Amino acid sequence: MGKRLIPLAAMEKIMKKCGAERVSDKAKAALKNALEEIADEIATDAVKLATHAGRKTVKASDIKLASK
């Protein structure tokens with residue numbers, strides 16, 4: 001996944017909100033990669049759920065169900 005879907009600045013904000021004083025660039029990149037992988041899996045499952053229900057539109061309920 002070479003595209004930047006989630007900005008690194010957002011990763012730093014998340015970690016600082018959780019109590020980190022300083023965050024390395026490698027830590028930001030690692031969190032970004034982990035979150036994008038998880039998001040990709042959830043999105044894929046949500047699309048399958050919407051398709052199974054006969055819909056083209058992915059709804060919040062599909063995302064919630066896929067994330068369980």
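The model is predicted: local features require pLDDT of at least 70, side-chain atom pairs count only at pLDDT 80 or more, and totals for chains, interfaces and linings use all residues. Numbering starts from 1 along each chain as its sequence is written, and side-chain values use heavy atoms, with hydrogens and water left out.

I begin with the fold. The protein chain has three helices and zero strands, where helices (H or I, at least four residues) and strands (E, at least two) are DSSP runs numbered from the N terminus.

Next, helix α2. Following α2 comes G54, with a positive phi near 80°.

Which residues of α2 are buried? They are K28, K32, E36, A46 and A50; buried means under 20% relative accessible area, exposed over 50%, and partly exposed in between, with a 1.4 Å probe and protein chains only. An α-helix has 3.6 residues a turn, so residues three or four places apart point the same way. The buried residues of α2 pack against α1 (8-17) and α3 (60-66), a contact being heavy atoms within 4.5 Å. Across the 68 residues of the protein chain, 15% count as buried.

Finally, overall extent. The C-alpha trace of the protein chain spans about 45 × 25 × 15 Å along its principal axes.
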